[in-house]
Amino acid sequence: MSTFLGMPSLPVFGSGNLHATESFAKAARHELGNGQLRANLGHATHTIRDKRLKVVSELPDWEQLRDAGSAIKESVMARLPELLEQFEEKFTARGGVIHWARDADEANDIVTRLIRETGETEVVKVKSMATQEIGLNEYLEEQGISAFETDLAELIVQLDHDKPSHILVPAIHKNRTEIRDIFLREMPGADPALTDDPAMLAMAARAHLRRKFLNAKVAVSGANFALADSGTLAVVESEGNGRMCLTLPDTLITVMGVEKLLPTWQDLEVFMQLLPRSSTGERMNPYTSLWTGVTEGDGPQNVHLVLLDNGRSAALADEMGRSALHCIRCSACMNVCPVYERTGGHAYGSTYPGPIGAILSPLLTGIQSEENSSLPYASSLCGACFDACPVKINIPDILVHLRSVDVDSKRGMKKVPSQMDAGMKAASWALSSGKRLGLIEKGLPIGRLAAGPDKKITKLPGIAAGWTQSRDIPAPPAQSFRSWWAKEHRSPDVKEAPAPTQQKEDQA
Amino acid sequence: MSAREDILGRIRSALRDAPVAPPIPRDYRAASGLGEEALIEMLVDRLVDYKAQVSVVEAAEVPERIAELLADARSYVVPAGFDAGWLAGLDGGRRHVDSISAPLSLAELDSIDAVVTGSAVAVAETGTIILDASPDQGRRAISLVPDHHICVVNVADIAGILPEALRRIDGTRPLTMISGPSATSDIELERVEGVHGPRRLDVLIAR
């Protein structure tokens with residue numbers, strides 16, 4: 001058992017592409033204005049929902065697998081220092097080299113140095129959330145190193161100089177015709193006769209990347225899982241670009257968050273059943289590669305792993321929020337989310353969009369960082385994400401928790417009480433006494449007057465305007481329930497009617 | 001302080017509430033309980049669903065079937081440990097042999113049309129074939145670069161579900177799990193077969 005001996009330190013938050021740079025509400029407003037985007041997203045998310053439901057319902061033990069997955073991840077978090085040390089020992093014993101990175105900058109520096117040591121100026125990349133999070137491609141470009149994304153969707157986004165909007169299908173916001181146009185515009189030597197048939201588009205990507213794979217000396221990847229008891233790493237993919245990158249070059253540099261560990265080989269049987277069905281809605285993804293350090297004569301002979309903190313230890317310090325680190329990046333939560341389906345991923349700003357992003361991003365950066373405090377409100381709390389999550393992360397509870405962290409972090413920051421403070425104080429005064437509430441309800445007819453002949457209030461003043469921004473309030477009734485009750489029970493022959501004052505006290 | 005000590009220190013500090021690792025409930029299925037015929041039927045069904053081409057043949061018919069599948073290949077590669085008897089129906093002129101001690105170059109592999117390998121274990125429920133780089137399966141590159149992969153699966157190596165299969169293999173070997181030919185769902189989440197990995201996958205299930 002490991003014991004913590006030093007002084008408890010304050011959480012150290014992460015940096016990189018983890019921020020909403022404008023509040024979610026503002027960003028969502030202009031994203032919602034894009035009808036094509038909404039049509040693309042609606043089509044794609046509904047396709048994947050149906051596929052996921054079909055393959056999940058095939059497994060009689062799906063709920064047992066989710067329970068096991070959740071418990072394994074909880075156990076990983078509780079034992080994280082010990083498991084990291086065990087993994088390091090095994091991976092190193094098999095010829096791999098471990099590097100530790102406190103934050104995005106340090107990880108970028110390490111990867112750059114490792115590439116420079118090979119003398120290469122080009123690398124091929126397997127899709128990886130961790131390297132997206134730290135902004136590795138942009139950093140390498142500044143250092144004169146070209147990083148080529150090889151996953152089809154990442155390639156589309158890279159060619160279009162765009163940002164990913166989904167963690168599994170980064171180009172989910174683009175339809176086939178838009179993709180064809182990007183290829184024709186940006187892909188050197190693209191066939192002018194290229195159509196928007198997805199099979200033809202995939203063939204164009206194959207032709208474009210084939211030389212790159214065969215000539216690459218260095219590859220950069222992420223990892224889906226790392227097994228502590230053997231030092232094994234795993235990458236789950238579909239196209240074969242992962243196998244190309246993990247097998248053909250001399251040097252392989254993997255960047256992975258410290259939370260990706262699984263304790264044992266046996267645990268893989270749980271996660272390899274949960275992940276493919278939850279992410280692409282397939283019984284199994286086409287290709288999964290596993291490697292344990294260096295194998296002589298087969299695959300890269302220089303194998304590196306950069307273990308990344310970048311705010312994960314800070315997220316772990318939040319007892320309510322730490323289970324966000326259980327995430328296996330399947331994207332099921334965003335595919336079922338009514339908010340994500342309409343706004344798309346760009347509205348969240350961060351590398352991690354959707355329900356998981358709305359909790360993970362502020363946990364990694366701290367709630368006060370840039371506009372990340374707006375993310376926990378990007379939800380109707382409907383709970384669809386919790387139902388879909390293969391490791392049962394209670395996203396709605398953590399959203400509510402982070403809203404309270406947000407409110408607490410702002411408490412006492414302003415000297416003058418805000419409208420919200422004043423409103424809450426007034427509500428507290430009115431609702432703590434039946435008599436006071438009854439008095440206030442006598443004002444309902446004024447609301448009816450404000451509603452006018454169409455019986456709708458379309459604009460409230462002050463902060464209450466937020467409520468009427470996207471909906472109307474129906475005109476209040478002519479009388480309150482209290483006055484109606486009092487009138488109905490006024491008749492002297494109804495003896496069993498409770499005394500009005502007594503009843504008021506009960507209600508209060 | 002090194003980054004390692006720093007990060008481990010931060011994590012220990014984050015866990016100062018000393019959360020207890022819960023027991024892991026392993027009441028999910030450990031085995032399918034299916035018989036041989038049912039396993040074959042399920043594996044075939046799943047592989048066909050992935051658009052792989054599958055044939056179930058008697059062991060004695062394997063050489064003939066391999067020869068048929070390779071009829072239009074100008075060249076093919078086999079790992080050095082591949083069962084020589086299974087290549088009996090073929091002329092040696094188109095054949096390349098690869099091993100760790102005598103590996104083909106990437107350029108050579110790229111010019112070869114097809115590859116024939118064995119397999120370590122298969123999973124019926126998910127239509128998955130696992131290669132573990134044993135001598136009959138060879139280096140990972142040979143089953144990746146040629147565009148047509150012919151893979152022989154022995155009936156005895158078919159497991160019902162994933163937990164059964166993973167129990168049969170050594171996780172520290174270089175492993176490739178293959179479920180159909182290369183595919184992508186990156187355009188409008190519609191599955192399209194054939195990207196960077198072999199676009200044609202033929203599975204021979206040998207009784």
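Predicted model: local features only at pLDDT ≥ 70, side-chain atom pairs only at ≥ 80, totals over all residues.
How much area is buried between chain A and chain B? About 8,000 Å², and carbon and sulfur atoms give 58% of that. Buried area here is the accessible area, with a 1.4 Å probe, that two parts lose on being put together, summed over both.

Residues are numbered from 1 along each chain as its sequence is written, chains are lettered from A and ligands numbered from 1 in the order in which they are written, and side-chain values use heavy atoms, leaving out hydrogens and water.

Back to the interface. A:R102, A:R206 and A:R283 supply 9% of the area that chain A buries against chain B, more than any other three residues. In terms of contact (heavy atoms within 4.5 Å), 103 residues of chain A meet 78 residues of chain B. There are 15 salt bridges between the two chains, each a side-chain nitrogen of Lys or Arg within 4 Å of a carboxyl oxygen of Asp or Glu. One to look at joins A:D61 and B:R29, at 3.1 Å from N to O. On the chain A side, α10(A) brings the largest share of the residues touching chain B, 12 of them. Helices are DSSP runs of H or I with at least four residues, strands are runs of E with at least two, and both are numbered from the N terminus.

On a 1 Å grid over the protein atoms alone, a cavity is a set of points where a 1.4 Å probe fits but cannot get out; lining residues have an atom within 4 Å of a point. Points are joined across faces, edges and corners, and a volume is the space filled by probe spheres set on them.

How many cavities of 30 Å³ or more are there? Six, by this rule. Of its 34 lining residues, A:K127, A:I167, A:L168, A:N224 and A:V236 are the closest to its centre. Chain B joins in too: β10 (183-184) of chain B is among the elements giving two or more residues to this lining.

The second largest cavity has a volume of about 100 Å³. α16(A) gives the most to its lining, with three residues. That lining divides into 14 nonpolar, four polar and no charged residues, where Ala, Val, Leu, Ile, Met, Phe, Trp, Tyr, Cys and Pro count as nonpolar, Asp, Glu, Lys and Arg as charged, and the others, Gly among them, as polar. Thanks, all!

Conventions: 1 Å grid on protein atoms, 1.4 Å probe; cavity = no way out; pocket = protein on both sides within 12 Å on 5 of 7 lines; lining within 4 Å.
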